[in-house]
Structures are given as structure tokens and as C-alpha cells.
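Student: I am new to this structure. Please take a close look at its salt bridges, and then explain the parts around them.

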Amino acid sequence: MKKILILMGVAVMLCHTSCDSKKEEEKKEEIKLLVTSPLKKDTTAIHEFVSQIRAIQHIELRALEKGYLKKIYVDEGQFVKKGQLMFQILPLQYQAEFQKAQAEANFAEIEYQNTKSLAESNIVSKNELALAKAKWDKAKAEMDLAKVHLGFTEIRAPFDGIMDHFAVREGSLLDEGDLLTTLSDNSKMWVYFNVPESQYLDLKTKAKGTTLPIVKLKMANQDIFPHTGVIQTIEADFNNETGNIAFRATFANPEKLLRHGETGSILMESPLKNAVIIPQKATFEVLEKKYVFVVDKDNTVKSREVTIGAELPDIYIIKSGLKGDEKILLEGIKKVRDNDKIKFDYEDPQKVISHLRVYAE
């Protein structure tokens with residue numbers, strides 16, 4: 001009798017368990033997930049490249065002669081004009097050498113004038129007159145050379161630009177070649193960035209003739225620089241280690257906002273025909289590869305790897321792995337597994353994309 005009662009209890013428990021499991025499955029099937037399709041349309045992809053910003057001219061100013069730094073006429077960070085006096089070096093010997101050469105030139109001139117008077121009176125020969133003229137010319141040349149050396153003690157701006165910090169101070173003893181400061185011409189800026197081989201080939205094959213696309217610069221604070229840039233130079237060789245090739249874009253900088261040594265990102269637009277666009281939230285990642293759940297005609301979800309051609313905020317442009325007329329799971333990705341059968345509500349892809357933070361035009 002006890003055995004019969006135990007068996008009946010077990011049967012009741014199994015029945016309850018089976019019923020509960022069946023109810024949970026029915027409840028699971030009643031949950032509807034959100035499904036959409038890729039949006040297929042013409043759009044523009046924006047490629048971003050890390051860049052380095054350089055002044056169109058950036059040079060070191062060094063002492064051309066030895067001596068004491070007598071006077072600094074400019075300040076750090078100051079804008080200077082071409083030809084403006086910046087530094088005055090007190091020469092140790094060039095002033096005296098110039099005065100000596102000047103005196104010798106004056107003496108040679110007087111000697112020449114006297115010889116010329118004697119030659120006109122036929123007292124001395126023409127050869128002596130020519131010799132006196134040669135001595136005078138030599139003395140003038142030595143005076144001009146001494147004047148040039150003396151002029152090296154004045155350091156003037158070779159072009160309009162902005163001063164950097166000083167490497168010396170007034171009273172410093174300078175040797176020939178010592179660094180004084182650096183000077184940058186920031187009227188235009190050269191922005192260097194590296195482009196992968198595949199994008200380089202796409203760019204060159206799609207470019208009309210020799211015309212390259214206009215680019216934009218995203219600064220370090222994430223603001224877009226107000227002036228666009230033009231790609232003017234592409235280096236000759238690829239870097240074998242990285243597979244990249246260096247580009248150089250030129251930007252006008254009338255407000256002098258950009259400075260030598262800044263960093264930023266180049267933004268390059270690339271038009272795409274019949275692009276396949278999906279929301280980023282419709283994807284998941286496994287071992288650095290992107291996947292989506294595709295819903296087949298039997299309402300069964302199957303994971304599929306996709307290749308990302310370009311990335312925008314909230315949006316992926318698919319290069320391969322997905323067709324425009326397929327259905328993909330938009331929400332509830334973590335609630336399903338491969339080969340699960342689902343119930344879903346379908347939302348138009350145009351509506352889905354339009355509600356994202358950035359709309360793909």
C-alpha cells in the first residue's frame with residue numbers, strides 16, 4: 001500500500017513539472033521580438049584617419065656668429081613680420097674687423113686717387129694705376145665681407161610667423177650654430193595621415209582624373225575645423241610594415257587656430273551606391289567578428305557573420321554577408337540562440353534608421 005501511495009505521489013509531481021515546463025514554453029513563445037530589414041540606398045561613408053598637424057614652414061633660428069646675446073626684441077608666442085629684428089648678438093671681433101677693413105678701403109681709395117693724378121700727368125705708368133685700382137677693389141671686397149659677418153649678428157625673421165619659446169636669454173654667450181628659438185608659419189597647415197592600401201586603391205580608381213576629394217579635420221576637442229582641406233601630396237612608397245601610404249592635406253588657417261604639433265583626425269567622405277545599412281545594435285561580436293541573427297521563412301533565427309564596410313555613429317554599412325531583402329533580429333539578441341523559433345513584430349527599416357542618433361543620408 002505504501003508503494004502504491006509513493007508511486008502516485010511521484011506521478012503527481014511529474015505531472016505538475018511537465019505542466020509547468022509546458023506553460024513556460026508557451027510563455028516563451030508568446031514573447032514577441034522586434035525584427036527589421038537592412039535599408040538599401042545611396043549614402044556616404046565617412047572614413048576617419050589619425051593625423052599629425054604641421055606648419056607649412058617650421059624652422060630653427062640659430063646663431064650665425066659667436067658672441068654675447070645683447071638684446072632680444074621679441075617675445076615668446078609673438079607674431080613677427082618678415083625682416084623684423086629679433087635678436088642682436090654683440091660680436092667679439094666682427095665690429096673691429098669691419099672698422100679695420102673700412103679703414104684699409106679708405107686708404108686704398110686715397111692711394112688710387114693719387115696714382116690716378118700722377119698717371120694723368122704721365123709721372124707713373126698705367127700699370128701702376130691698374131695695380132692701385134686692384135688694391136682698392138680688394139680692400140672694398142674685404143670690407144663688404146666684414147660687413148656681412150657683422151650683419152650676421154642681427155637675426156631677422158625670414159618670413160611671417162609665430163615665435164616659439166627661447167632657448168637662450170639676454171647675456172648668454174653664444175657659439176656659432178647655437179639654437180635661439182623656432183619660428184612657424186601657420187598661415188597654412190600640412191596635415192599628414194596614413195591610408196590603408198585597399199582604401200587608397202578605392203580612392204584612386206573612383207577619383208576623376210587627378211582630382212582628390214575634399215577632406216575635413218576633426219580637432220582634439222572633437223570639433224570640426226571650419227575650413228576644408230585639399231589632398232595635394234601622396235608619398236611614392238607604401239610602408240611594408242603597416243601596409244599604409246602617407247597622404248598630405250593642406251588647410252587654410254586664417255584665424256591661426258591650428259598650431260604646429262597638434263593632432264586630430266582627417267574625415268574623408270566616400271559615396272556608396274545601393275549601400276546595405278543596418279543599426280549597430282542589431283549586431284553582436286564573437287572573437288572580434290561581427291554577427292547578426294537572420295530570420296528565415298520559418299521564423300527561425302540563424303547567426304551569420306557580416307563584414308563591415310564603413311562605420312557611422314549607430315550605423316554599420318555592410319560590405320558582405322547580408323542582402324537587402326533579408327530579415328534580421330533588431331532587439332532581443334541575448335534572448336535567443338541559433339535555430340530558435342520566434343514570434344516577432346516587423347518594423348520598417350526606414351523608420352528604424354530615422355530614429356537613430358545619426359540618419360544616413
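**Salt bridges and their setting**

The side chains of D137 and K140 form a salt bridge, with 3.8 Å from N to O; the term stands for a side-chain nitrogen of Lys or Arg within 4 Å of a carboxyl oxygen of Asp or Glu. The model is a predicted one, in which local features need pLDDT of at least 70 and side-chain atom pairs count only at pLDDT 80 or more, while totals for chains, interfaces and linings use all residues. Residues are numbered from 1 along each chain as its sequence is written, and side-chain values use heavy atoms, with hydrogens and water left out.

Both D137 and K140 belong to helix 3 (residues 126–151), where they are 3 residues apart, about one turn of the helix. Helices (H or I, at least four residues) and strands (E, at least two) are DSSP runs, numbered from the N terminus. D137 is partly exposed, because its relative accessibility is 33%; buried means under 20% relative accessible area, exposed over 50%, and partly exposed in between, with a 1.4 Å probe and protein chains only. K140, at 31%, is likewise partly exposed. Through salt bridges that share partners, K133, D137 and K140 are joined into one network.

The whole structure contains 12 salt bridges. In another of these, K273 meets D42, and the closest N and O atoms are 3.9 Å apart. K273 lies in strand 13 and D42 in strand 2, so this pair ties together parts that are 231 residues apart in sequence. K273 counts as exposed because its relative accessibility is 68%, whereas D42 is partly exposed at 39%. A further salt bridge links R62 with E60, whose closest N and O atoms are 2.8 Å apart. Here R62 is partly exposed, with a relative accessible area of 36%, and E60 is partly exposed at 47%.

Strand 2 (residues 39–62) runs antiparallel to strand 13 (residues 263–279), with 13 bridges between them; two strands pair if DSSP finds at least two bridges between them. Within this pairing, T43 is opposite L272 of strand 13. Strand 2 also runs antiparallel to strand 9 (residues 179–196), to which 11 bridges join it, and L61 is opposite T181 of strand 9. In a regular strand the side chains alternate between the two faces of the sheet.

Leaving aside neighbours within four places in sequence, I231 is in contact (heavy atoms within 4.5 Å) with F193, L212, P213, V215, F247, R248, A249 and M268.
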